[in-house]
Structure formats: structure tokens, C-alpha cells
Amino acid sequence: MELTLKKRKKNTIIPGFTLTLGYTMLYLSIIVLLPLSMVFFNTLSMSWSEFWETIADPRAVASYKLSFGTALAAGIINVIFGTIIAWVLVRYQFPGKRIVDGLVDLPFALPTAVAGIALATLYSPNGWVGQFFDFKIAFTPLGIIIALTFIGLPFVVRTVQPVLQNLSSEIEEASASLGATRLQTFTKVIFPELLPAIITGFSLAFARSLGEYGSVVFIAGNMPMKTEITPLIIMTKLEQYDYVGATAIATVMLITSFVLLLLINIIQWYTNRKFNLK
Amino acid sequence: MTKPLEVEQETSLKVGNVATKSYALQESALVKWSLITISLIFLALFLILPLVSIFVTALEKGWATYVASIADPDALAAIKLTLTVVLIVVPLNAIFGIVAAWAITKFSFKGKNVLITLIDLPFAVSPVIAGLVFILLFGAQGLFGEWLFQNDIKIVFALPGIVIATMFVTFPFVARELIPLMQMQGITEEEASISLGASGWKTFFFVTLPNIKWGLLYGLILCNARTIGEFGAVSVVSGHIRGMTNTMPLHIEILYNEYQFTAAFAVASLMSILAIITIIIKNIIEWKAKDV
Amino acid sequence: MSIHIQKVSKTFGSFQALQDISIDIESGELIALLGPSGSGKTTLLRILAGLEGLDEGAILFDGQNITNVSPKERKVGFVFQHYALFRHMTVFDNVAYGLKVRPRKTRPSKEEISKKVTDLLALVKLDNFADRYPSQLSGGQRQRVALARALAVEPKVLLLDEPFGALDAKVRKELRRWLRKLHNEFHVTSIFVTHDQEEALDVANRIIVMNNGQIEQVGTPEEVYEHPNSPFVYDFLGNVNLFRGRLHKGKLTQGQFEIDVPTYLDSYDDAVGYVRPHDIQIEKEPLNNETVAAKIVHIHMVGPIVQIELKREDVDEYLEAEIPKEHYRELNINNGDTVYIRPKQLRVFIPEDFSI
């Protein structure tokens with residue numbers, strides 16, 4: 001990830017190019033790039049078999065499955081309800097709408113640990129919500145999904161909302177005057193317009209969910225092989241001073257995240273190019 | 001022969017769109033209210049109920065217990081530590097955000113998109129890994145561990161570690177608010193200012209800053225909220241030393257794990273109030289920025 | 001299909017968009033709704049399409065009241081100002097849309113749809129563009145796709161909102177001619193909105209001039225251009241010279257200028273005479289007291305018509321005259337010359353005509 005910085009200043013009269021770019025690069029390197037490279041640097045000091053043994057350990061593999069599966073489930077829930085909420089907030093008027101709109105940001109503003117203990121208490125077997133179910137929610141993968149749904153909701157709502165707001169009403173009118181029912185207009189005209197935003201929102205929520213720690217640990221129960229998420233494995237290894245093992249798992253997570261990031265960008269680039277979105 | 005009629009057609013259309021939502025674009029009342037109900041139930045279950053439960057649990061054993069939980073020396077130390085971290089991290093990231101946005105939006109250079117992606121990178125990294133990397137750098141067995149030990153400098157399990165891990169996690173907030181905003185505003189105003197003889201600093205303070213103030217404030221608010229609440233990264237580097245390296249979220253964790261639920265929720269309620277204030281300020285900013 | 005618009009009114013908040021509008025449109029007409037922005041013409045068109053509700057009045061299609069019929073059941077083809085093509089669908093799918101969304105019972109088979117779309121694309125000369133996306137087309141091509149899409153559902157009425165507004169001058173002219181041709185072939189009742197008088201005069205066989213939510217005049221292009229019935233229509237359709245003066249005993253006087261207007265026998269202090277530039281007669285010598293001296297300020301000589309800008313010598317006012325090039329050569333006049341002018345035809349409006 002080397003940056004080639006050829007100065008191609010376009011005869012600008014605005015000062016500060018060298019100073020600001022230099023500072024940006026320096027700060028970025030010290031705070032982000034150098035520390036992150038430590039993960040790969042330390043992984044390189046491991047032998048391949050040692051590395052493989054660590055990351056293919058059944059407990060680790062179970063955690064990948066759990067983290068991936070719960071993040072996926074939470075993402076899908078958020079896509080469905082997040083889109084509905086975005087729709088309701090953009091299209092309808094109802095009392096208390098402004099408060100509801102503001103509330104959607106709560107997961108961004110509320111510390112994850114606070115959310116974690118609140119959700120754990122609510123959904124535990126004798127909690128306000130948990131008591132109504134005759135199966136356990138907290139301390140099972142279901143609890144993890146609830147915590148991740150909480151964390152991921154604003155990502156979907158806040159990416160779909162502006163797209164819906166800027167959607168030209170003409171295309172809906174065109175569809176209606178051509179004889180389409182409201183449902184047909186939604187599925188054939190509106191939904192395809194929203195899809196790129198929905199995918200982006202999903203990916204952002206999913207990526208965040210994969211690495212989420214604070215809100216999950218309290219509600220997960222953290223049983224090895226059952227409700228132990230991948231970030232918790234790293235945490236446990238660190239507490240046991242197993243830095244090498246922690247680093248190996250971290251490498252897997254980092255690579256997964258980066259691939260995901262790349263994928264999002266490719267999807268966005270592709271849709272933008274195909275339909276020439278303005 | 002043609003009479004120039006430059007009047008824009010748009011006005012008549014706009015009047016129509018603003019006043020009433022067009023006739024053809026409405027669902028039946030049944031669909032509408034079902035969707036609203038679904039949304040509200042979902043939000044109640046996932047957002048409102050947790051929020052309410054925090055305050056109810058915190059005040060369950062009465063006001064006196066609530067106050068005592070917050071006035072506890074360890075709690076006060078945690079609050080103080082969190083404030084210290086905020087006071088260091090938020091200004092540093094704000095300066096970085098402004099500087100980076102200036103470099104990226106006021107000049108054209110190769111690799112700009114790569115740079116923007118790199119600035120966003122911390123968002124894609126699990127907080128636990130964000131903590132881990134600093135253990136690998138500054139921990140006892142880390143890259144600089146030996147050297148730091150010999151010179152008797154403590155980073156990990158001390159304030160500097162907490163600060164730097166938080167900095168990593170909240171790194172992109174200000175920059176990513178400012179970059180699109182300043183990109184949209186372009187450079188003409190700055191060029192005008194400088195061609196009129198103003199210095200770079202004067203141009204920034206009198207031309208750029210007023211234009212970006214709401215965006216900057218928005219970024220600061222988000223950065224601040226995350227700094228206060230960061231848990232995973234701080235949890236790794238802090239060492240959980242009571243009264244010393246426990247931030248508010250870590251203090252809540254300890255209380256919770258010791259089954260001191262009332263105390264845990266008391267501190268949590270304090271943080272929830274901060275979160276609500278954050279949301280209110282955020283909405284005010286959005287509202288103000290729309291007016292501009 | 002005939003359309004009857006009966007006493008239609010519409011307000012948006014405090015803004016009166018339409019005020020008691022009544023028009024009868026015969027089957028097969030090609031109508032232009034002409035007016036400045038905010039005159040209510042687009043609102044009227046949208047009400048006809050059912051995209052907007054109305055506050056008062058009724059709309060009848062073929063004698064049937066369809067005021068409360070939803071747009072999807074009105075069988076109206078609507079072409080939007082900015083085309084409103086579905087950008088994630090190919091040209092083919094855009095045109096096929098109206099057929100594909102029909103309920104199964106009335107939906108044509110796949111082959112029928114395909115044939116119909118292909119025919120329509122041939123009609124709009126876009127046969128080779130079926131697989132393209134709207135973003136890959138030029139403005140004129142997009143407009144034609146929008147038209148084909150509206151025609152696919154075999155509408156009984158075709159409504160076009162500023163159909164050529166977003167196109168450049170040359171394409172616009174081409175599409176105008178094409179629209180007229182299309183109308184001659186299909187004879188579907190068509191109404192288009194425009195703020196361009198030339199477009200309305202050129203394409204429509206009847207023009208409805210609108211202003212401030214009301215109808216100013218309805219008539220053939222000749223009628224509205226040659227015999228405007230209000231100062232607004234006079235002003236809106238083509239250039240005009242104003243003679244503001246006193247009306248007394250069948251004479252309009254301004255400065256040294258005096259002209260007989262026998263139809264007006266009342267007295268008014270502020271009447272206005274409207275004269276088209278081509279109705280200004282230019283003489284080298286004074287004829288009688290009907291001519292008035294003016295100085296030539298500028299001569300614009302491109303094309304077969306010569307435009308002459310004049311400044312009157314008795315009052316501080318400018319005039320514009322248009323004369324054929326031949327006549328200009330005969331007159332042999334130059335910049336700075338003093339000439340004598342006289343309105344050949346003049347229409348006087350008294351203050352009451354201005355009060356709306």
C-alpha cells in the first residue's frame with residue numbers, strides 16, 4: 001500500500017500543499033498504518049503450520065461461523081426493517097416523527113457497553129422482554145443477533161433515507177400513468193433505485209458487526225464453541241499473553257474486512273458505471 | 001421574431017411538489033399505517049426499550065443509591081479519565097481532519113483516492129484489533145517494549161495507551177465529514193481571497209472555516225460520542241486498573257460483572273444522557289446546516 | 001377521444017394554480033397549452049393525467065366523468081419534461097413496461113409485447129438501441145424513448161409536458177416536425193405544454209394561452225397571433241411596440257403622434273396601442289399628421305427580414321420595425337437617418353383590459 005506522491009499541483013495559488021499533505025501522511029502513518037502493519041509483521045514471524053494451526057483451531061473456526069452467521073442475520077433483519085423505517089420517515093407524516101428520526105442515531109451515540117448491558121438485561125430469561133419467551137434469547141446466538149441488529153440499524157436507514165429523499169417523483173408518476181399498481185411501481189421502479197444504497201448499508205452494518213465487541217460480550221454468554229465471537233477469541237488470547245495467537249486471528253479478521261471493503265467498492269463502481277448514476 | 005423567454009419552467013412544478021405530495025404516489029391508508037406500526041414496534045423493541053430500561057434499573061433502588069453510585073471515588077476517577085481522553089483525542093483528530101480535508105480537497109495529486117480509503121480504514125477494523133496493534137507496538141514484548149521499559153515510559157496499561165487506541169478508532173470521523181463538504185464547495189472562494197491579498201491563514205479563518213463550521217461541528221460531535229463510549233480498543237490497552245486506567249465504559253463492565261447492577265446502570269444512565277444530548281445537538285446542526 | 005374540462009380550480013396552499021378553467025377539446029386535436037411559468041399549464045396537464053387531484057370542477061373523457069379515476073386507469077400517455085425513463089431498464093424494457101405491468105388476463109403474450117415494442121422502436125427510429133440503457137442515449141433519443149413508452153399502452157390521450165424543453169435548438173426543431181407527423185398518422189388527441197410561443201405556433205392546431213391560472217385566449221395559431229384579445233397575449237406572442245397615449249373621440253395621441261381609432265369613442269388618459277414590428281410602415285418623407293419622425297439607431301440585416309431599431313424624436317421611446325429586404329433596399333436608408341413611421345395596423349387596449 002505504498003503511496004506514490006508525485007506532486008501534480010495544477011498551478012494553484014492556494015498555499016499549504018506540502019505542509020498539509022505532509023502532516024496528513026505523518027499522522028496517518030503513526031496512528032493507523034504503522035500500528036496496523038504490526039499485525040502482518042508479527043504474523044510473518046510465525047511459521048505457516050503454526051499460523052494455520054491457530055486459525056484453523058476448531059474453537060476459532062466455530063467463532064468465525066458464529067460471527068459471520070450472526071452478522072449476516074442481523075444484516076438481513078436491518079435491510080428489511082431499516083428500509084421500511086427509511087420509507088416511513090421519508091414518505092409519511094405522523095406525530096413524533098422528528099423524535100423517531102433522531103432516535104435512529106441512538107446506536108451511533110450510545111456507548112456499546114451501555115447498549116450491551118441494557119440489551120442483556122432486557123432479553124435475559126427474567127428480563128422485561130425475555131420473560132415472554134419460553135426459550136432463551138440472551139446468552140444464545142439469538143442474543144448476539146439482537147445486539148448486532150441494534151448496532152447496524154442506523155447504517156441501513158441512513159444510507160437508504162437520502163436516496164429515497166432524492167428520488168424523482170416523475171419516475172413513480174410515469175410508472176403509475178403507464179398502468180402499474182403501487183406495488184408494481186415499488187418492486188419494479190423504486191426498489192431497483194434503492195438497491196445500491198441498500199447493499200451499501202448492509203455492507204457497512206455487516207462489516208461493523210463482524211468486529212463488534214462491546215455490545216455483544218454482555219449478551220453473548222461467551223461459551224466456547226457456542227457463543228464465542230471472533231473478537232472475543234482475540235481478547236481471550238491476549239489475556240493469556242498469547243500475542244502470537246491473537247495476532248494470527250486478527251490477520252484473518254483484517255483480511256476478511258479488507259476483502260469486504262474491496263467488494264463494496266467494486267459493487268458501487270459497477271452499478272454507478274452501468275446506470276451512470278448522476 | 002422569437003421573444004426571449006428566459007423564465008424557468010421549474011417554479012410552477014415546484015409549487016406543486018412542495019404543497020401536496022402528488023396524487024399518484026400514495027399508498028392506501030392501511031399500507032401506510034401498517035408500515036408505520038411495524039417501524040414503531042421495531043424501534044421500540046430495539047431502541048426505546050433498552051434506553052428506558054437503563055434509567056429504570058439505575059433508579060430502581062432510589063435516588064440516594066443512584067447518587068452514591070456516581071459519587072463513588074472509582075466512578076469519579078473513571079469520569080475524570082474519560083474527560084481527559086476526550087480533551088486530548090477530539091482536538092487532535094479535529095486538527096487532523098481539517099488538515100487532511102484541506103490537502104485532499106484544495107489540491108489535485110496522484111493517489112488521492114487511496115489516501116481517502118486509508119483514512120477510512122479504522123472503520124473497517126475491529127476495536128479489539130485496534131487495541132491489539134498497540135500492544136504489539138508498545139507492550140512488554142512489543143516492537144518498542146524493551147526500549148520503553150529501559151527508559152521507564154509507560155504507554156500500554158496507562159493513559160497514553162488509552163489515548164492512542166481511542167485516537168485510532170475515532171481517526172476518520174472529522175475528516176470524512178469535511179472531505180465531501182469541502183469537495184462540493186470547491187476552491188473558488190479561497191482563490192478569490194488569496195488573489196485579493198489575504199494570507200493562507202487569513203483565508204482559512206475568514207473564508208474556509210465559516211463555510212465548513214457546521215460540518216466540522218457535526219464531525220466533532222460524532223467523534224466525541226465515540227471517544228466517550230469506546231470500549232473494545234480501550235479494554236485491550238487499559239489493563240483495567242481501578243481508579244487509574246478505567247474509563248467510564250470499563251467501569252460499567254466491572255460493576256456489571258460484579259453484579260452491582262444498580263451502580264452499573266447508574267453510570268450507564270449518565271452516558272445515555274450524553275448520548276441523547278449528542279443526538280439533539282446533531283439534529284440542531286443538521287437543521288442549521290439545511291438553512292445555510 | 002374528446003376531453004371536457006369543466007370549471008376546474010386548484011390551489012396549492014395559498015397559491016391559486018388554476019381558477020375556474022373550462023375547455024372543450026375535440027377528438028384528434030393537437031393542442032398547445034402556452035403560458036409563462038406559474039401560469040398553471042403544467043398543473044392542468046397533470047390534473048388531466050390524474051397525477052394531481054383537483055379542488056373543484058370535473059374532467060370528462062368522451063363524456064364520461066373520470067375526475068376520480070386513478071392515473072393507471074385513465075389510459076393516458078404522459079411524456080415527462082425530463083423524460084423520467086427508468087434508468088436501470090434497457091430501452092426495450094422501458095417501452096415494454098406499460099404492457100408488462102398489466103394484470104395477467106389482459107397482458108399480451110411475450111411475443112406480442114416483443115413485436116409491439118420492436119414496431120414502436122422502429123417508429124421512433126431507435127431499432128438499434130433496444131439493448132441500451134437510457135444513460136447511453138442523447139437527449140433527443142431519450143425523448144423519443146419516452147414517447148414510444150407512452151404510446152405502447154395505446155393511450156386515448158397523449159399528454160406532453162414541455163416535451164422539447166431540455167433539448168438544443170436543432171434537435172428541438174426536428175422533433176417538433178416529427179411530433180406533428182406522428183399526430184397526423186395516429187390522430188390521437190394530444191396536448192402539450194410549452195412556454196415557447198414559436199413552438200406552439202409551429203406545432204399545434206389550436207393554442208390555449210394561459211396566465212395566472214386562467215385562460216387568456218383559445219384559438220388557432222393564426223387567431224391568437226393575428227388577433228390577440230388581451231395585452232398579455234399580444235405581449236406573449238411575438239414582439240410588440242407600445243404607443244401609450246390619450247384616447248379621445250376616436251383618436252389616440254402621444255407626443256406629436258395621432259392616429260384614428262374609430263372603434264373607440266370613449267375617453268381614456270392611459271390607453272395603449274399595440275403594433276407588431278412588421279406593421280410599422282417606414283417612409284422617407286412625412287405623409288400627414290399620422291406619421292411621426294424617428295431616428296434609425298441600429299439596422300440588423302441577417303436573413304430575409306431587416307430589423308430596424310428606431311428612436312422617436314418627439315418622445316423618448318424606442319421602436320422596432322421589420323421590413324422585407326427588398327423594401328429596405330428601395331428605401332435606401334442608413335444608420336442615423338431620420339425617417340417617418342406610421343402603424344399600419346394597431347390594436348388599442350384600454351385600462352379595463354389590463355385589470356385581471
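Here's a quick briefing on the complex shown above, chain by chain. Keep in mind that this is a predicted model. The predictor scores the complex with an ipTM of 0.88 and a pTM of 0.85. For chain C, the average pLDDT is 88, and 99% of the residues score at least 70.

**Chain A: the annotated spans**

- Let's start with the record: an unreviewed UniProt entry lists "transmembrane region" for residues 21-48, 68-90, 102-123, 135-157 and 243-270 of chain A.
- Take residues 243-270 of chain A: in the model this span is 100% helix and 0% strand, and its end C-alpha atoms are 40 Å apart.
- Residues 135-157 of chain A come out at 74% helix and 0% strand, with 30 Å between the end C-alpha atoms.

**Where chain A meets chain B**

- On the chain A side, 81 residues are in contact with 80 residues of chain B.
- Which element supplies the largest share of the chain A side? That's helix H1 (residues 17-44) of chain A, with 15 residues.
- Sorted by type, the chain A side that touches chain B has 57 nonpolar residues, 15 polar ones and nine charged ones.

**Chain B: two assigned domains**

- As for contacts, five residues of domain 1 of chain B pair up with eight residues of domain 2 of chain B.
- The domain 1 side of that contact in chain B consists of four nonpolar residues and one polar residue, with no charged ones.

- Strand S16 (residues 292-300) of chain C runs antiparallel to strand S17 (residues 305-312) of chain C, and six bridges join them.
- If you want a landmark for that pairing, look at C:Lys295, whose bridge partner in S17(C) is C:Lys311.
- S16(C) and S17(C) make a hairpin with four residues between them. In the turn, C:Gly303 has a positive phi of about 85°.
- On to the next pairing: S17(C) is joined by seven bridges to strand S18 (residues 318-324) of chain C, again antiparallel.
- Here, C:Ile305 has C:Pro324 as its bridge partner in S18(C).
- How many residues does the hairpin from S17(C) to S18(C) pass through? Five residues link S17(C) to S18(C).
- While you're looking at strands, a general point: in a regular strand, side chains alternate between the two faces of the sheet.

Methods
Residues are numbered from 1 along each chain as its sequence is written. Chains are lettered from A and ligands numbered from 1 in the order in which they are written. Two strands pair if DSSP finds at least two bridges between them. Helices (H or I, at least four residues) and strands (E, at least two) are DSSP runs, numbered from the N terminus. UniProt positions are given in the numbering used here, feature names are shortened, and annotations may be inferred rather than shown by experiment. pLDDT is the predictor's confidence in each residue, from 0 to 100. Two residues are in contact if their C-beta atoms, placed from the backbone, lie within 7 Å. Ala, Val, Leu, Ile, Met, Phe, Trp, Tyr, Cys and Pro count as nonpolar, Asp, Glu, Lys and Arg as charged, and the others, Gly among them, as polar.
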